[in-house]
Amino acid sequence: MVDTYKRTSNPMMHRPVVKPELVKWMRESQTQLSGEITEVLSFAKNNNIPVIPHETVLYFQMLLSLLRPKRILEIGTAIGFSALVMAQASPEAEIVTIDRNLEMIELAKENLSKYDHRQQIILKEGDAQEVLTELSGAFDIIFMDSAKSKYVEFLPRAMELLAPNGVILMDDIFQAGEILIPIMEIKRNQRALERGLRRLFDEVFDNPKYLTSVLPLGDGLLMIKRAE
Ligand SMILES: C[S@@+](CC[C@H](N)C(=O)[O-])C[C@H]1O[C@@H](n2cnc3c(N)ncnc32)[C@H](O)[C@@H]1O
């Protein structure tokens, strides 16, 4: 199914979980992006399209340079910014990225044809739930940055597609701190998202099957891997 893209601004930009001065410092004092990719970033900023923030970009660069993944799967391409960041950080890797929104798909195609010089990135169009069934493993990194309520539903298939030592990363899990608020006190239209995230936490936290780590980068990044 193709949905209409809602350019809602990221709640985290207005209600940061980490002290605003520290977020500013993380974003401004570390190495800045340069080159062509900044054109994609400026487009995202000017058009209010949410993409991974700078501290997450730098974390991905670090993680990918340590893990040297051969295959990466991303759910939630938008205009291709994070996929291009990962392609740059892992020049040898193949990156499969999924999006279901037609407007985003068109913009991503334009950006990939301009900036994916090594043709590392394969864009799969459609709802991730469906596309995931058509993929085969193994992926060393699976990055979920799509509808947050669905992370828990994508998890079983993602685990099947994950390489033995692979890692899953899920973005925006703090929801600006709303995960701490009782469900009935959350706006009605946010409850499905919050219920999905809480089901995810119930499944993966304190479960001997998984190792998890929550990083306060951006609006919260959850890392999950199989326990040894
Ligand atoms: C936050 S944006 C992704 C940003 C991108 N990862 C980046 O940092 O450059 C989320 C994207 O996920 C897509 N999306 C949401 N739910 C999806 C689903 N179930 N299947 C495929 N794409 C989905 C939306 O269309 C949107 O383009």
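## Pairs, cores and loops in a predicted model

The side chains of Lys225 and Glu228 come together in a salt bridge, 3.3 Å from N to O. A salt bridge here is a side-chain nitrogen of Lys or Arg within 4 Å of a carboxyl oxygen of Asp or Glu. Lys225 is buried, with a relative accessible area of 17%, whereas Glu228 counts as exposed at 83%. Buried means under 20% relative accessible area, exposed over 50%, and partly exposed in between, using a 1.4 Å probe and protein chains only. Salt bridges with shared partners also join Glu106, Lys109 and Glu125 into one network.

Before going on, a word about the model: it is predicted, local features need pLDDT of at least 70, side-chain atom pairs count only at pLDDT 80 or more, and totals for chains, interfaces and linings use all residues. Residues are numbered from 1 along each chain as its sequence is written, and side-chain values use heavy atoms, with hydrogens and water left out.

**Salt bridges**

Side chains of opposite charge can pair when their charged atoms come close. How many salt bridges does a search of the whole structure find? The search gives 13.

| Salt bridge | N to O distance |
|---|---|
| Arg27 and Glu55 | 2.8 Å |
| Lys225 and Glu228 | 3.3 Å |
| Lys209 and Glu203 | 3.8 Å |

Arg27 and Glu55 meet in a salt bridge, and this pair links distant parts of the chain: Arg27 sits in helix H2 (residues 20–29) and Glu55 in helix H4, 28 residues apart. Helices (H or I, at least four residues) and strands (E, at least two) are DSSP runs, numbered from the N terminus. Arg27 is partly exposed at 24% relative accessible area, while Glu55 is buried at 4%. In the pair of Lys209 and Glu203, Lys209 is exposed at 51% and Glu203 is partly exposed at 29%.

**Aromatic pairs**

Rings of Phe, Tyr and Trp (its six-membered ring) pair if their centres lie within 6.5 Å; planes under 30 degrees apart count as stacked, over 60 as edge-to-face and the rest as tilted. This rule gives 2 aromatic pairs. Phe60 and Phe143 have ring centres 4.9 Å apart and planes at 90°, so their pair is edge-to-face. Phe60 in helix H4 and Phe143 in strand E4 are 83 residues apart, and the pair links distant parts of the chain. Phe60 is buried, with a relative accessible area of 1%, and Phe143 is buried at 0%. Phe201 and Phe205 form a stacked pair, with 5.0 Å from centre to centre and 5° between the planes. Phe201 counts as buried at 11%, but Phe205 is partly exposed at 30%.

**The nonpolar cores**

A nonpolar core is a set of buried Ala, Val, Leu, Ile, Met, Phe, Trp, Tyr and Cys residues joined through side-chain atoms within 4.5 Å. Which residues have the most contacts inside the largest nonpolar core? They are Phe81 and Leu169, in a core of 38 residues. Among the elements that give two or more residues to this core are helix H3 (37–46), helix H5 (81–89) and strand E5 (162–171). Apart from this core lies another, of 31 residues, including Ile98, Ala128, Met144 and Leu222.

Contact means heavy atoms within 4.5 Å. Leaving aside neighbours within four places in sequence, Phe81 is in contact with several residues, among them Leu33, Ile37, Val40 and Val57. H5 is mostly covered, with 7 of its 9 residues buried; Phe81, Leu84 and Met86 are among the buried ones.

Two residues of the loop between strand E1 and H5 deserve a look. Gly76 lies in this loop and is buried, with a relative accessible area of 10%. Leaving aside neighbours within four places in sequence, Gly76 is in contact with Thr97, Ile98, Asp99, Asp145 and Ser146. Ala78 is found in the loop between E1 and H5 too, and has a positive phi of about 50° although it is not a glycine.

Ala176, in the loop between E5 and helix H9 (191–204), has a positive phi of about 55° and is not a glycine either. Finally, the peptide bond from Gly137 to Ala138 is cis, with omega near 5°, and Ala138 lies in the loop between helix H7 (128–134) and E4.
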